[in-house]
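Subject: Structure handover

Hello,

Here is the structure for you to look over. Please open it next to this email.

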Amino acid sequence: MDYTTQMDAARKGIVTPEMEAAAAKEEMDVKELMELMAKGQAIIPANKRHTSLSPAAIGSRLKTKINVNLGISRDCKDMDVEVAKVNSAVAMGAESIMDLSSYGDTRTFRRRLTSECPAIIGTVPIYDAVVYYHKPLKEITSQEWLDIVKMHAEDGVDFMTIHCGINRETAGKFKRNKRLTNIVSRGGSIIFAWMEMTGEENPFYEHYDEILDICREYDITMSLGDACRPGCLKDASDISQIEELITLGELTKRAWEKDVQVMVEGPGHMPLDQIAANMKIQQTICQGAPFYVLGPLVTDVAPGYDHITAAIGGAVAAAYGASFLCYVTPAEHLRLPDLEDVKEGIIASRIAAHAADVAKGIKGAVDWDNRMSEARKKLDWEGMFELSIDPEKARRYRASAKPEKEDTCSMCGNFCAVKNMNRILDGEIVNIYDE
């Protein structure tokens with residue numbers, strides 16, 4: 001090949017097969033996508049070894065994408081169950097699967113994903129190092145942390161969350177500026193603890209150029225992890241969060257200098273009125289690199305319903321510039337999600353993403369809504385089901401309370417405004433009580 005990464009190809013004016021596939025999904029000219037990629041404002045995570053990938057682009061002026069977190073844990077270690085969740089997530093429209101496995105034979109599961117799954121695959125090497133080396137955290141060496149990054153690259157993952165923004169300087173400021181919920185990022189808490197116990201600099205920060213060389217070799221997208229993302233409303237937009245974001249902005253530029261694709265991770269828990277400003281700050285500091293947000297969750301009091309709190313925040317975040325939404329399930333803060341939790345989380349995130357795309361004027365977004373409205377006007381129930389974001393649930397709900405007459409529902413019956421307006425405008429007589 002005459003290029004190393006998708007970004008390198010874009011800067012050289014080379015149209016790759018991945019660009020062509022992604023542009024077709026976006027209904028945009030491939031040259032327009034290439035221009036965004038050359039500037040770092042759009043990415044196509046596509047490891048050269050992920051041969052089953054169906055490429056998708058993330059970034060400015062593109063459809064908002066969603067990521068689904070899954071993986072094996074000590075308490076839920078059935079690999080086939082997790083694979084079933086992956087297949088279900090892809091079938092429901094998730095563009096990305098993030099493997100957060102933290103127990104057992106993680107490499108076999110990871111390789112299974114990259115050999116079979118068409119979705120973008122992401123991982124967090126920090127988690128896997130703890131599992132792989134199976135020794136006390138403080139005994140893991142800087143080189144061993146980097147070796148795990150290399151292993152994940154060889155296994156074909158398309159992006160990696162690397163917590164390289166929390167260096168010793170940032171950690172010191174974190175300790176001086178107390179938080180209500182401290183560090184809630186798993187990867188962030190692990191690397192913070194390692195730095196505290198060893199007295200050494202964050203190896204992902206200290207050896208950042210070596211990591212970029214790995215990413216360049218395999219064409220892996222750097223997902224710059226937000227170790228200091230806020231874990232509650234009170235901690236949102238604090239010194240630690242913004243300090244880390246500034247570092248991530250610097251690291252973004254360094255990655256671009258090596259033609260490595262980048263996205264930046266963001267909050268977290270955040271009051272509704274702070275979300276738009278945070279999106280603007282990120283776009284400015286990180287020069288338009290795609291923003292990948294967890295939620296944000298707009299309230300802390302809804303365990304069991306955090307797919308809703310996240311969808312509210314996600315819709316606002318995406319409307320103001322976020323490109324990639326990490327789903328949140330009803331099980332958030334409570335347990336590993338089961339298959340039904342995964343479904344609810346995906347649907348909530350897809351609703352948020354689509355609502356944002358309509359608000360941003362993404363090409364073709366509102367056409368879907370218009371087709372649904374046309375079907376509703378005609379009382380075309382089959383058409384409504386087919387256009388639903390969750391056709392199975394829509395069919396099930398109607399079937400559970402069948403109306404006496406097919407041209408109504410059990411809520412309105414003969415009082416149906418749609419039916420009556422259609423009839424009166426067609427010159428018919430409407431006698432609600434006599435029908």
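Below are notes on the barrel, the helices and the cysteines.

First, a caution: this is a predicted model.

The barrel. Eight strands form a closed barrel. Their order is β3-β4-β5-β6-β7-β8-β9-β10, and the pairing is parallel. Neighbouring strands are turned by 25° against each other on average, direction ignored. Strand β9 covers residues 291-294 and β10 covers residues 324-326. The two run parallel and are joined by three bridges. In this region, Leu 294 stands opposite Cys 326 of β10.

A helix on the strands. Helix α5, residues 106-116, lies across β4 (96-99) and β5 (120-123). Its direction is at about 170° to β4.

A helix pair. How do α8 and α9 pack? Helix α8 spans residues 168-176, and helix α9 spans residues 186-198. The angle is about 95°, and the axes are 11 Å apart. An angle from 65 to 115 degrees counts as roughly perpendicular, so α8 is roughly perpendicular to α9. On the α8 side, the contact is made by Arg 168, Ala 171, Phe 174 and Lys 175. Helix α9 brings Phe 192, Met 195 and Glu 196. By class, the contact residues are four nonpolar and three charged, with no polar ones.

A glycine worth a look. Gly 249 sits in helix α12, residues 239-257. Is Gly 249 buried or exposed? Its relative accessible area is 4%. Buried means under 20%, so Gly 249 is buried. Leaving aside residues up to four places away in sequence, Gly 249 touches Ile 285 and Cys 286. Gly 249 and Cys 286 are 37 residues apart in sequence, yet their C-alpha atoms are 4.4 Å apart in space.

The cysteines. How many disulfides does the structure hold? The count is zero. Cys 117 is in no disulfide: the nearest cysteine sulfur belongs to Cys 326 and is 15 Å away. Cys 232 is in no disulfide either. For Cys 232, the nearest cysteine sulfur is that of Cys 228, 13 Å away. Cys 117 counts as buried, at 6% relative accessibility. Cys 232 counts as buried too, at 5%.

Best wishes

Methods:
Residues are numbered from 1 along each chain as its sequence is written. This is a predicted model: local features need pLDDT of at least 70, side-chain atom pairs count only at pLDDT 80 or more; totals for chains, interfaces and linings use all residues. Side-chain values use heavy atoms; hydrogens and water are left out. A disulfide is a pair of cysteine sulfur atoms within 2.5 Å. Buried means under 20% relative accessible area, exposed over 50%, partly exposed in between (1.4 Å probe, protein chains only). Axes are lines fitted to C-alpha atoms, for helices over the stretch in contact, and angles run from 0 to 180 degrees between N-to-C directions. Helices (H or I, at least four residues) and strands (E, at least two) are DSSP runs, numbered from the N terminus. Angles under 35 degrees count as roughly parallel, over 145 as roughly antiparallel, 65 to 115 as roughly perpendicular and the rest as oblique. Contact means heavy atoms within 4.5 Å. Ala, Val, Leu, Ile, Met, Phe, Trp, Tyr, Cys and Pro count as nonpolar, Asp, Glu, Lys and Arg as charged, and the others, Gly among them, as polar. Two strands pair if DSSP finds at least two bridges between them.
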